[in-house]
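Work through the exercises below with the structure open beside you. Try each task before you read its solution.

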Amino acid sequence: MDNFIAGLPKLELHLHIEGSLEPELMFALGQRNGVALPWPDVASVRAAYEFDCLQSFLDLYYLGASVLITEQDFFDLTWAYLERCAADKVVHVEIFFDPQTHTARGVPFATVLGGIERALQTGEKAFGISWRLIMSFLRHLSEEDAFATLAQATPFLSRIHGIGLDSGERGNPPSKFARVFARCRELGLPVVAHAGEEGPADYIWQAIRELEVRRIDHGVRCVDDPDLLRYLADTRLPLTVCPLSNTRLKVFDKMAHHNVLALLEQGLCVTINSDDPAYFGGYINANFHALAHELGASMNQLCRLSLNAVEASWLSLADKARLTREIRSYAACYGVSLH
Ligand code: ADE
Ligand code: ZN
């Protein structure tokens, strides 16, 4: 099974680049930039990664991101992630960045985008990993702040492929961002939103009806609403699910209770992703391992999860067809039959 997972072509559609900052790089960048961290060493940082909810994680995540200052820092961060992708046989990524986390500290938008994009371009040449970039608004801030960020992003919009919504979900419903998302859609940008991670199924409906999202990030609370489950199965509106993240943030108390395979079997277009791998104990293959070993996922199910990610991606139809063939022929090598 582990060899099968290692070689299975995979796509990652829900990854916060700031969440791939490993403690070693956090320390190195802190020293390089003279940014003090509240921990004496790398081991103490890792020891601090005990979370009881989303907010307890976000507090550390924003603190960790404070070491990112120069274009080279954003390059190094993204490059380290892409090296992990290459090792995990990830062939396509659609990643989030949170400009407000950096511009609020005086780091220019162009610095953030430039470093991330240069690494993605270099990774495409070196590893053949294709990519899209999603600018995410922080939902604990105001809609006015999101509009100001969109204005700052205006000169760069041809280099951004979509818009997202993340950060603390409770008390910050999708409807709070209805106007700014409408503007993004007018600009021709596809939109996605985190919804139904800690928040209720109604936030998923809001993201669908008021933001007109192309995908839901997380969305696991859809199980609380049978009409929503039926809608998601009928429309195949994708959910980018993050199993290790969900157990680390206590959305599910243990992996054996995760609902992703049940959703898969009900016909939803669920995909597997790592969210913030440096904080949650693993990259995409670690998530696939957890499904196989702790939830009993079969090779057939893992292949279907990967095929769902192809369907849910923003790749061209030609690229989708090519990757679908690649995954199907890989499955056939293991005797896995897919209909
Ligand atoms: N930002 C980074 N990771 C996140 C998550 N899991 N939920 C909401 N916002 C986030
Ligand atoms: Zn996320």
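**Exercise 1. Is Arg 322 buried, partly exposed or exposed, at 38% relative accessibility? Which residue does its side chain meet in a salt bridge?**

Solution. This is a predicted model.
- Step 1: Take the cut-offs. Buried means under 20% relative accessible area, and exposed means over 50%.
- Step 2: Arg 322 has 38% relative accessibility, so it counts as partly exposed.
- Step 3: Find the partner. The side chains of Arg 322 and Glu 326 meet in a salt bridge, 4.0 Å from N to O.
- Step 4: Check the partner. Glu 326 is at 29% relative accessibility and also counts as partly exposed.
- Step 5: Locate the pair. Both residues lie in helix α17 (residues 317-333), 4 residues apart, which means a separation of about one helical turn.
- Step 6: Look for a network. Glu 22, Glu 24 and Arg 46 are joined into one by salt bridges that share partners.

**Exercise 2. Which helix holds both Arg 230 and Asp 227?**

Solution. 
- Step 1: Confirm the contact. The side chains of Arg 230 and Asp 227 meet in a salt bridge of 3.1 Å, N to O.
- Step 2: Find the helix. Both residues lie in α11 (residues 226-235).
- Step 3: Count along the chain. They are 3 residues apart, about one turn of the helix.
- Step 4: Asp 227 has a relative accessible area of 48%, so it is partly exposed.

**Exercise 3. How many residues apart in sequence are the parts that Glu 265 and Arg 304 tie together?**

Solution. 
- Step 1: Start with the contact. A salt bridge joins the side chains of Glu 265 and Arg 304, at 3.1 Å from N to O.
- Step 2: Assign the helices. Glu 265 lies in helix α13 (residues 260-265), and Arg 304 lies in helix α16 (residues 299-312), so the pair ties together parts 39 residues apart in sequence.
- Step 3: Compare with the cut-offs. Glu 265, with a relative accessible area of 45%, is partly exposed. Arg 304 counts as partly exposed too, at 24% relative accessibility.

**Exercise 4. What volume does the largest cavity have, and which helix gives the largest share of its lining?**

Solution. 
- Step 1: Count. The whole structure has 3 cavities of 30 Å³ or more.
- Step 2: Read the volume. The largest cavity has about 90 Å³.
- Step 3: Find its centre. Of the 15 lining residues, the closest to the centre are His 16, Phe 57, Leu 58, His 194 and Asp 276.
- Step 4: Name the helix. Helix α4 (residues 54-64) gives the largest share of the lining, 4 residues.
- Step 5: Sort the lining. It divides into 5 nonpolar, 5 polar and 5 charged residues.

Terms used
Residues are numbered from 1 along each chain as its sequence is written. Chains are lettered from A and ligands numbered from 1 in the order in which they are written. This is a predicted model: local features need pLDDT of at least 70, side-chain atom pairs count only at pLDDT 80 or more; totals for chains, interfaces and linings use all residues. Side-chain values use heavy atoms; hydrogens and water are left out. On a 1 Å grid over the protein atoms alone, a cavity is a set of points where a 1.4 Å probe fits but cannot get out, and a pocket is an open set with protein on both sides within 12 Å along at least five of seven lines; lining residues have an atom within 4 Å of a point. Grid points are joined across faces, edges and corners, and a volume is the space filled by probe spheres set on the points. Helices (H or I, at least four residues) and strands (E, at least two) are DSSP runs, numbered from the N terminus. Ala, Val, Leu, Ile, Met, Phe, Trp, Tyr, Cys and Pro count as nonpolar, Asp, Glu, Lys and Arg as charged, and the others, Gly among them, as polar. Buried means under 20% relative accessible area, exposed over 50%, partly exposed in between (1.4 Å probe, protein chains only).
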